[in-house]
Amino acid sequence: MSWLQGEGYRIPRDIAIVSLYNGSALSLMRPSVTAIDTSAKGVGTELGKQVCHFLQGERYQKKTLLNYEILIRKSTDK
């Protein structure tokens, strides 16, 4: 974001910024960053299970729906 702002981009007017991970610093940035809030532990656990199934030649889920929340903040101006 610093580089974009240094190049003259106005966030979110010229470009919107979204993170796929909700780190605590994102709400403190200016503008605050819209993020996907989900359990990193849950994502890692599910991914590990599916990789183990795949490596053992077992059936695995190619798509998995996990709980998440979209935290709308100023970086998307919505």
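The conversation below concerns a predicted model and some of its local features.

Visitor: What kind of model is this, and which pLDDT limits apply?
Guide: The model is predicted: local features need pLDDT of at least 70, side-chain atom pairs count only at pLDDT 80 or more, and totals for chains, interfaces and linings use all residues. Residues are numbered from 1 along each chain as its sequence is written, and side-chain values use heavy atoms, with hydrogens and water left out.

Visitor: How many salt bridges does the structure hold?
Guide: The structure holds one salt bridge, the term meaning a side-chain nitrogen of Lys or Arg within 4 Å of a carboxyl oxygen of Asp or Glu.

Visitor: Which side chains meet in it?
Guide: Those of Asp-14 and Arg-10, at 3.1 Å, N to O. Side chains of opposite charge can pair when their charged atoms come close.

Visitor: What is the relative accessible area of Asp-14?
Guide: Asp-14 has 38% and is partly exposed; Arg-10, with 42%, is also partly exposed. Buried means under 20% relative accessible area, exposed over 50%, and partly exposed in between (1.4 Å probe, protein chains only).

Visitor: Turning to Ser-32, is that residue buried or exposed?
Guide: Ser-32 is buried, as its relative accessible area is 11%. Its contacts (heavy atoms within 4.5 Å) include Leu-26 and Arg-73, leaving aside residues up to four places away in sequence.

Visitor: Where is the place of Ser-32?
Guide: Ser-32 is in the loop between strand 1 (18-19) and strand 2 (34-37); strands (E, at least two residues) are DSSP runs, numbered from the N terminus. Pro-31 lies in the loop between strand 1 and strand 2, and the peptide bond from Arg-30 to Pro-31 is cis, with omega near -5 degrees.

Note on methods:
Helices (H or I, at least four residues) and strands (E, at least two) are DSSP runs, numbered from the N terminus.
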